[in-house]
Amino acid sequence: MFFVDTLEIQGLGNRSYLAGGPEAAIAVDPPRDIDRVVTATARRGVRIAYVAETHVHNDYVTGGLELARVTGARYLVPAGADVSFARTPVADGDTVTVDGQLTVRALSTPGHTPHHTSYVLEENGHGVAAFTGGSLLIGTVGRTDLVEPRLTESLARDQHRSAHRLAGSLDDDVQVLPTHGFGSFCSSEQAAGDSTTIGAERKENDALTLDVETFVSRLLTGLEDIPAYYVHMGPVNAAGPDPVDLTPPQQAGPEQIAARLASGEWVVDLRDRTAFAAGHLAGSYNFEGDGRLATYLAWLIPWGKPVTLLGESPEQVADAQRELARVGIDRPAAAASGGPSDWARGADEVASFPRAGFDELRAALTGDEVPVVLDVRRDSERARGYVGGSVHIPVHELHGRLAEVPPGVVWVHCATGMRATIAASVLDAAGRSVVVIDDEFASPAAERLTVVPAG
């Protein structure tokens, strides 16, 4: 009898897996914070015999190398991956025995990367699950433009071929267990649903229902912006990441925080956007700890810039530190817990800005002083409709394009309010007057203001 445990990495939109039998298991695409995997293993009462990577990851720092060191497991890495550490290179068709009649077979599935490899879990010689990494996802596939722009189209063709290879060699009831697709920017589209099988994908997945030319054209047309920090992840993983250090950072008082702000460091407030808007340390940025902290902070911050974390509690800071370590922001320069009155030297260092909805924006647009409306969604979102007369600067570009925001009070919106508050905090720190639209762009109030492009 076998088991498969799923480890959700929600902030990054990924999953890792632990699969095995009564005594031994294999860990697939483990996160940087390997204690989660070790805890899952202890809960099962098994040892980790193998650690497997489907590919050299571009969106997070792997914990695979360290997990293999700690547990003594063999580290399986696709043979075509150019890495600088000792590992067991895996080629197409290679098989390892995990526990008794439970084996794992490597299946070459290039596309997401040139060396991408899927792993088929087999019990008594029958496939029961496929760890597909960034190959076949739920209703979609992994994007093919993360390695080298000139390879994007050829890898898209490989991706189509690999999807057909998986579907052609596995039974309908085999579970498809991807690493990406749950909000990850490694997915070419966002997954619809939480689980799937080979049979379901045969019916729904474009890679399996469309001819190769139509599939490639549709895939290339739908590719989104690449988070800026991705360029650092591949090299770190290929070199072999250092062990993660999650010990608490240095604690900072008001004077130290002020000095860090004055020196140009990033001071990040982890509280929810409602609390931040109501009162925050002037000059700080808001990246909600319960939002997509790692993705958006790592995307916006100049790489290597020191970060000080402000949270409501030490636990909130610790959670954020763990999430940031997954994308290579290893050690916060400092941290503090509490609220604005604990972080500021005086009341004059506490700032705020108003929150509003699209109904309030509509009223403001009919007033004597027309506000600046700033849309910080991605290009693909704006292409489906936008507020008439609004300025468009995606949130991940705003820090470098502040001079393009017209003078006046700036009303900022995104799709739900999270990215709008990030943007509002950046503008507020730069001395601009802002109103954050903490509202759904899909609401009827927004629809009354929306221009839908022709075609």
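I started with β12 (residues 266-269) and β15 (residues 307-311), which run parallel and are joined by 4 bridges. For me, strands pair if DSSP finds at least two bridges between them. Helices (H or I, at least four residues) and strands (E, at least two) are DSSP runs, numbered from the N terminus. Tryptophan 266 has valine 307 in β15 as its bridge partner. Then I looked at β16 (residues 334-337): this strand also runs parallel to β15, again with 4 bridges. There, leucine 310 is opposite alanine 336.

A note on ground rules: this is a predicted model, where local features need pLDDT of at least 70 and side-chain atom pairs count only at pLDDT 80 or more, while totals for chains, interfaces and linings use all residues. Residues are numbered from 1 along each chain as its sequence is written, and side-chain values use heavy atoms, with hydrogens and water left out.

Is β15 mostly covered or uncovered? I find that it is mostly covered, with 5 of its 5 residues buried. Buried is under 20% relative accessible area, exposed is over 50%, and partly exposed lies in between (1.4 Å probe, protein chains only). Val307, Leu309 and Gly311 point one way, Thr308 and Leu310 the other, and all are buried.

Phe3, Asp5, Leu7 and Ile9 make up the covered face of β1, and Val4, Thr6 and Glu8 the uncovered one. β1 pairs antiparallel with β2 (residues 14-20) over 7 bridges, and valine 4 has alanine 19 in β2 as its bridge partner. The two strands form a hairpin with 4 residues between them, and glycine 13 in the turn has a positive phi of about 75°.

Histidine 413 was next on my list; I found it in β22 (residues 410-413). It counts as buried because its relative accessibility is 0%. β7 and β8 (residues 102-108) pair antiparallel over 4 bridges, and aspartate 99 is opposite leucine 102 in β8.

Last, the helix pair. How do α3 (residues 152-169) and α6 (residues 212-221) cross? Their axes come within 9 Å and cross at roughly 125°, which makes α3 oblique to α6. Axes are lines fitted to C-alpha atoms, for helices over the stretch in contact, and angles run from 0 to 180 degrees between N-to-C directions. Under 35 degrees counts as roughly parallel, over 145 as roughly antiparallel, 65 to 115 as roughly perpendicular, and the rest as oblique. On the α3 side I listed Thr152, Glu153, Ala156, Arg157 and His160, which meet Val212, Glu213, Phe215, Val216, Leu219 and Leu220 in α6.

Conventions
Contact = heavy atoms within 4.5 Å.
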